[in-house]
Each structure stands twice: as C-alpha cells, then as structure tokens.
Amino acid sequence: MATATETASETPIDISPNAAKEIRKIIRKKNIPDGYGLRVGVKGGGCSGMSYVLGFDKKREKDQEFEIDGITVYMDQRHGLYLMGTQINYHDGLNARGFTFENPNATETCGCGASFAA
C-alpha cells in the first residue's frame, strides 16, 4: 500500500478521456504552474451531506499522489474511503456541461449531482 509520499501504482479514481482532455486544456489555458496537481476530494456540506472537491493545488503532507493519463492527482488519503472507484467525466453538450462524478459509494445524491451521502 502506498504511503502519502509515494506514487501509487493503482489509482482509487478514474478520469475519463473527455475529462482528461478538459483538465489538460485548463492547465494550459490557466497557466497552472509546475508543482501543482489536480486535487480530488470531498468536504462536508451540500444537500446530501458531502460535496466533491476538484481544483488545482500543491501536494500536502497527508496526500496520496497518482498519475492518471499524464495528470498528477493529489487526494488526501482519508478521502479514499469515499472516492474509491469514482469516475470523473466531463460533458460538453446542450443538456449538460461540466465535470461529473460517478461514485459507486454514494448511497444518495442530490438532484444537481454535486453532493452525496455514503
């Protein structure tokens, strides 16, 4: 099992090709500096109890680091319980646009898909 300072060989989450393409586009467009990675996590709040966190950040002490499709991903090791098996996707259509989370651990989700209960 990987420690917080190692890069794990198996990732607890998956990033779809569409999401990876959009993330790389954001990195280029927003000039995200070296040393920053994609932070994936959860926080308390939202109508179902927990909300997803997705943004760019530097690595923290309790983070696990993963390489997914050429993207450095940081996740607090405590969040793995809630995110194991989650797929991040990106939709760019007329009816939906933005990142979505398909989380097999969610026992309940809100209508907008931004929060869940586990």
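**Entry 1**

I took helices (H or I, at least four residues) and strands (E, at least two) as DSSP runs, numbered from the N terminus. I worked on a predicted model, where local features need pLDDT of at least 70, side-chain atom pairs count only at pLDDT 80 or more, and totals for chains, interfaces and linings use all residues. I numbered residues from 1 along each chain as its sequence is written, and side-chain values use heavy atoms, with hydrogens and water left out.

**Entry 2: the chain as a whole**

I looked up the fold elements and found two helices and nine strands in the protein chain. Along the sequence they follow the pattern β-α-β-β-β-β-α-β-β-β-β.

I then looked up burial, with buried meaning under 20% relative accessible area, exposed over 50%, and partly exposed in between (1.4 Å probe, protein chains only). Of the 118 residues in the protein chain, 39% are buried. The chain exposes about 7,200 Å², and carbon and sulfur atoms supply 48% of that area. Accessible areas come from the Shrake-Rupley method with a 1.4 Å probe, and for residues only the protein chains shown count as cover.

For contacts I used heavy atoms within 4.5 Å. Among the contacts in the protein chain with a separation of 6 or more, 53% are between residues 24 or more positions apart.

**Entry 3: salt bridges**

I listed salt bridges next (a side-chain nitrogen of Lys or Arg within 4 Å of a carboxyl oxygen of Asp or Glu). Side chains of opposite charge can pair when their charged atoms come close. How many salt bridges does a search of the whole structure find? I got seven.

One of the salt bridges pairs R24 with D69, at 3.7 Å from N to O. R24 sits in helix α1 and D69 in the loop between β4 (63–68) and β5 (71–76), so this pair ties together parts that are 45 residues apart in sequence. R24 is partly exposed, with a relative accessible area of 31%. D69 is also partly exposed, at 45%.

I then checked D76 and R78, which form a salt bridge whose closest N and O atoms are 2.6 Å apart. R78 counts as exposed, because its relative accessibility is 54%.

Salt bridges that share partners also join R39, D57, R60 and D63 into one network.

The side chains of R97 and D92 meet in a salt bridge at 2.3 Å, N to O. Both R97 and D92 are exposed.

**Entry 4: around D76**

I went back to D76, which lies in strand β5. Which residues does D76 contact, leaving aside its neighbours within four places in sequence? I found R39, K62 and D63. I also checked E65, eleven residues from D76 along the chain, and the two C-alpha atoms are separated by 8.9 Å.

K62, one of the contacts of D76, is in the loop between β3 (50–58) and β4. I noted K62 as partly exposed, because its relative accessibility is 42%. K62 and R78 are 16 residues apart in sequence, and their C-alpha atoms are 8.2 Å apart in space.

**Entry 5: positive patch**

I looked for charged patches, made of residues with over 30% relative accessible area and no salt bridge; like charges are joined within 9 Å, and nonpolar side chains (Val, Leu, Ile, Met, Phe, Trp, Tyr) within 5 Å. Lys and Arg count as positive and Asp and Glu as negative, while His and the chain ends are not counted. I took the place of a charge as NZ of Lys, CZ of Arg, CG of Asp or CD of Glu.

Which residues form a positive surface patch? I found K21, K25, R28, K29 and K30. K30 is placed in the loop between α1 (17–29) and β2 (36–44). I noted K30 as exposed, because its relative accessible area is 61%.

**Entry 6: positive phi**

I checked residues other than glycine for positive phi. N31 has a phi near 50 degrees. N31 lies in the loop between α1 and β2 and is exposed, with a relative accessible area of 62%.

D69 also came up: its phi is positive, about 50 degrees, although D69 is not a glycine. D69 is found in the loop between β4 and β5, and I had already noted D69 as a salt-bridge partner of R24.
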